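The exercises below are meant to be worked through with the sequence and the 3D view open. Try each task before reading its solution.

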Amino acid sequence: MQKSGFRVGEIIKYEENGIIKIGLIVSKLSYEQYILVKSENSLRIKDYLIPIKPEDTLSGLISDSLIFNLANIITIRKKQVKQKIAELKQHKITEVLKTQAKILSKTYYDTIHSQKDKFEPGITKINYGGRVFDEKEIFNLIDASLDFWLTSGKYAREFEEKLAKFIGVKYCFLVNSGSSANLLAFMTLTSPKLGERKIERGDEVITVAVSFPTTVAPIIQYGAIPVFVDISIPDYNIDCSMLEKALSKKTKAVMLAHTLGNPFDIEKVKEFCEKHNLWLIEDNCDALGSKYFYKGKWEYTGSFGDLATSSFYPAHHITTGEGGAVHTNNPELAKIVNSLRDWGRDCWCPSGKDNTCGKRFGWQLGELPYGYDHKYIYSHFGYNLKMTDLQAAIGCAQIEKLPYFIEKRRENWMILRKKIDILSDFFILPEATPNSKPSWFGFVLTVREGKRISRDSIVRHLENSGIQTRMLFSGNLIKHPCFDELRKSGKGFRVVGELSNTDKIMNDSFWIGVYPGITEQMIDYIVEKIKSAVNFAQKQDDKK
């Protein structure tokens with residue numbers, strides 16, 4: 001035994017300062033040196049304890065359970081080893097090594113990521129958004145990489161289940177971005193399986209031009225017609241009085257986002273859709289955790305549409321780096337979503353699984369021969385939009401923090417709203433939609449008519465002061481270069497009424513962040529700089 005050395009996962013007796021002790025080898029530095037952990041009797045650091053029971057051993061024998069605290073690691077030389085006691089089974093070695101990775105994750109986070117610099121006004125940049133995480137995300141990412149299951153797997157299933165439970169829906173499908181989620185949700189409604197309710201090319205979808213482009217892009221890319229109506233201020237959502245005016249015989253759906261986390265008037269929009277038998281796609285990418293009071297109870301946005309979407313880009317409420325999701329309560333739509341996301345296939349087996357239906361070679365579909373492999377039968381012209389398990393592993397840790405993130409965003413928004421109220425003569429200040437509890441994505445400001453200040457001068461002043469700003473997405477999407485050909489042809493989209501508020505937002509609105517990484521000290525600095533920007537702009541105007 002001494003000649004062959006020792007392996008990771010072996011329990012040994014060793015000598016330390018003349019005393020015989022029990023240890024577990026967790027790493028082999030060389031033929032002569034080993035890293036091990038001592039057996040302990042106490043339960044001081046529960047997160048890093050590994051209890052070893054007799055049934056955990058592959059060979060050898062331990063009479064009682066042993067407890068090893070993996071935070072207590074030492075190095076010994078081979079000559080200190082007196083006897084091999086037992087060798088662990090593979091699953092227990094895996095648990096030991098992953099617990100080591102958990103310790104290293106915390107050490108790395110505490111040393112590198114948690115040491116935040118003190119906020120220095122004018123020097124420390126205040127971002128509009130960013131990732132907020134701790135050692136749990138790091139460990140989950142390492143854990144997924146150690147499993148080396150590189151497509152969707154156990155973490156993806158866990159994240160889907162947790163997200164569906166949080167939002168309050170039956171079905172949830174992870175994808176590789178929020179934009180892909182919008183594409184997938186829209187294309188689901190073009191499936192032949194929906195019969196007369198299928199969206200055909202040339203059919204119309206009511207939406208708004210104040211949006212992120214990927215809310216509208218799938219409509220145009222498919223060949224359907226977006227119908228643009230104006231929004232209202234100060235909630236920055238669709239003007240519901242325009243819905244009936246936008247309706248035509250070709251209308252099949254309504255596709256809308258909750259702007260900056262502020263829910264649109266769900267009651268009016270749903271009533272309109274139900275009255276005219278229209279699909280509702282709810283873009284919830286900026287509103288995870290927002291609530292709306294509907295039919296006597298508070299429910300999360302993302303649960304009201306026939307289909308809804310989420311995004312997990314780093315600036316959003318939770319992040320997986322890149323990533324998104326489609327969710328629904330409709331089992332028929334869920335099957336279509338699953339098919340389109342996974343290459344368009346008819347099979348519903350998860351990655352790495354075969355014959356879930358029990359009839360893998362027992363189908364006859366399309367004009368294929370009977371018994372053609374069900375894993376390679378395609379019901380739709382689909383995509384591969386799946387999220388990887390490494391991304392989902394981060395999401396599993398992030399979603400546990402979501403209640404705190406929501407509360408912190410609301411708190412920052414309210415603090416900013418109170419402190420900036422003194423400037424209400426110069427700016428239209430945002431307001432929550434009635435019957436809603438927004439999970440705010442940002443704080444939008446719109447310069448009032450007739451004021452001697454401009455949005456652009458305010459933005460430049462803030463950016464030069466280290467405060468990151470953003471336009472309200474596209475402002476007016478139909479004014480962008482991507483619409484040049486459509487505008488010239490006069491085809492491919494329709495506008496109902498005047499987009500006067502939409503244009504005002506394009507010219508006079510911007511927003512700043514309220515994400516959990518922003519402190520009240522930062523908010524005070526933001527308000528101070530907005531005040532100074534207003535004063536500077538007025539003085540410049542006086543000189544003219």
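A surface patch, as the word is used here, is made of residues with over 30% relative accessible area and no salt bridge, and nonpolar side chains are joined into one patch within 5 Å. The model to which this is applied is a predicted one.

**Exercise 1. Describe the protein chain as a whole.**

Step 1: Begin with the elements, of which the protein chain has 13 helices and 23 strands.
Step 2: Turn to the extent of the chain, whose C-alpha atoms fill a box of roughly 90 × 75 × 45 Å along the principal axes.
Step 3: Consider the surface, where the accessible area comes to about 25,600 Å², with 51% of it belonging to carbon and sulfur atoms.
Step 4: Finish with burial and contacts: 53% of the 544 residues count as buried, and, among contacts between residues at least 6 apart in sequence, 73% join residues at least 24 apart.

**Exercise 2. Find which residues make the nonpolar surface patch of about 470 Å², and classify Y378 by its accessibility.**

Step 1: The patch is made by W343, Y372, Y376 and Y378.
Step 2: To place Y378, look in the loop that lies between α8 (331–341) and α9 (389–419).

**Exercise 3. Work out where the buried residues of helix α12 lie around its axis, and what they pack against.**

Step 1: Helix α12 covers residues 500–508, and its buried residues are T502, K504 and I505.
Step 2: Viewed down the axis of α12, these buried residues fall within an arc of 160°, and therefore they line one face of the helix.
Step 3: The elements against which the buried residues of α12 pack are β11 (231–232), β19 (427–428), β21 (442–447), α10 (455–464) and β23 (509–513).

**Exercise 4. Trace the strand pairings of β6 and of β20.**

Step 1: Strand β6 (residues 66–77) pairs with strand β3 (residues 33–40) in the antiparallel sense over 7 bridges, and L36 stands opposite I74 in β6.
Step 2: Strand β4 (residues 49–52) also runs antiparallel to β6, to which 4 bridges join it, and I52 has L66 in β6 as its bridge partner.
Step 3: For β20, find the open sheet of 3 strands, which has the order β16-β15-β20 and antiparallel pairing. Its edge strands are β16 (297–300) and β20 (436–437), each of which pairs on one side only.
Step 4: Strand β15 (residues 291–294) and β20 are paired antiparallel over 2 bridges, with Y292 opposite S436 in β20.

Methods: Residues are numbered from 1 along each chain as its sequence is written. This is a predicted model: local features need pLDDT of at least 70, side-chain atom pairs count only at pLDDT 80 or more; totals for chains, interfaces and linings use all residues. Side-chain values use heavy atoms; hydrogens and water are left out. Patches are made of residues with over 30% relative accessible area and no salt bridge: like charges are joined within 9 Å, nonpolar side chains (Val, Leu, Ile, Met, Phe, Trp, Tyr) within 5 Å. Accessible areas come from the Shrake-Rupley method with a 1.4 Å probe; for residues, only the protein chains shown count as cover. A salt bridge is a side-chain nitrogen of Lys or Arg within 4 Å of a carboxyl oxygen of Asp or Glu. Buried means under 20% relative accessible area, exposed over 50%, partly exposed in between (1.4 Å probe, protein chains only). The arc is that of the directions from the helix axis to the C-beta atoms. Contact means heavy atoms within 4.5 Å. Two strands pair if DSSP finds at least two bridges between them.
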